[in-house]
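Here is a short note for a colleague who is new to this structure. Please read it with the model open.

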Amino acid sequence: MNAEKCKIFNNIYAKLFSLLFRSDRQGCIARIREVGHEAFAEEMRLAGRMNRSVTKK
């Protein structure tokens, strides 16, 4: 399922949260799908972060 089409994932509060905390929610979901929950959690632990930062395009 594409998270961008999900009304719970993609609503005004989610966008505000993403803006305030500069988190890349879509990128996090994609990375979790690639490597799995445990590997993603380990990556975030090693990076000292709780989420992926938004990158400038």
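The points below go from the whole chain to single residues.

1. Ground rules. This is a predicted model, in which local features need pLDDT of at least 70 and side-chain atom pairs count only at pLDDT 80 or more, while totals for chains, interfaces and linings use all residues. Residues are numbered from 1 along each chain as its sequence is written, and side-chain values use heavy atoms, with hydrogens and water left out.

2. Overall make-up. The protein chain has three helices and zero strands. From the N terminus the order is α-α-α. Helices here are DSSP runs (H or I, at least four residues), strands likewise (E, at least two), numbered from the N terminus.

3. Surface. Of the 57 residues in the protein chain, 14% count as buried. Buried means under 20% relative accessible area, exposed means over 50%, and partly exposed lies in between (1.4 Å probe, protein chains only). The accessible surface of the protein chain is about 4,900 Å². Carbon and sulfur atoms hold 60% of that surface. Areas come from the Shrake-Rupley method with a 1.4 Å probe; for residues, only the protein chains shown count as cover.

4. Contacts along the chain. Take the contacts between residues at least 6 apart in sequence: 39% of them join residues at least 24 apart. Contact means heavy atoms within 4.5 Å.

5. How do the axes of α2 and α3 cross? Helix α2 covers residues 25-35 and helix α3 covers residues 37-47. Their axes come within 7 Å and cross at roughly 120°. The axes are lines fitted to C-alpha atoms, for helices over the stretch in contact, and angles run from 0 to 180 degrees between N-to-C directions. The two helices are therefore oblique to each other. On this scale, under 35 degrees is roughly parallel, over 145 roughly antiparallel, 65 to 115 roughly perpendicular, and the rest oblique.

6. Who meets whom. From α2 come Cys28, Arg31, Ile32 and Val35; from α3 come His37, Ala39, Phe40 and Glu43. The residues of this contact divide into five nonpolar, one polar and two charged. Ala, Val, Leu, Ile, Met, Phe, Trp, Tyr, Cys and Pro count as nonpolar, Asp, Glu, Lys and Arg as charged, and the others, Gly among them, as polar.

7. The aromatic pair. A search of the whole structure finds one. Phe17 and Phe21 form this pair, which is tilted: 4.7 Å centre to centre, with 45° between the planes. Rings of Phe, Tyr and Trp (its six-membered ring) pair if their centres lie within 6.5 Å; planes under 30 degrees apart are stacked, over 60 edge-to-face, and the rest tilted. Phe17 and Phe21 are four residues apart in helix α1 (residues 12-21), so about one helical turn separates them. Phe17 is partly exposed at 40% relative accessible area, whereas Phe21 is exposed at 53%.

8. The loop between α1 and α2. Arg22 is found here. Phi of Arg22 is near 50°, a positive value in a residue other than glycine. Most residues other than glycine have a negative phi. Arg22 is partly exposed, at 45%. Ser23 also sits in this loop. Is Ser23 buried or exposed? Ser23 is buried, at 3%.

9. Leaving aside neighbours within four places in sequence, Asn51 contacts Phe21, Arg22, Ser23, Cys28 and Met44. Asn51 and Arg22 are 29 residues apart in sequence and 8.9 Å apart in space, C-alpha to C-alpha.
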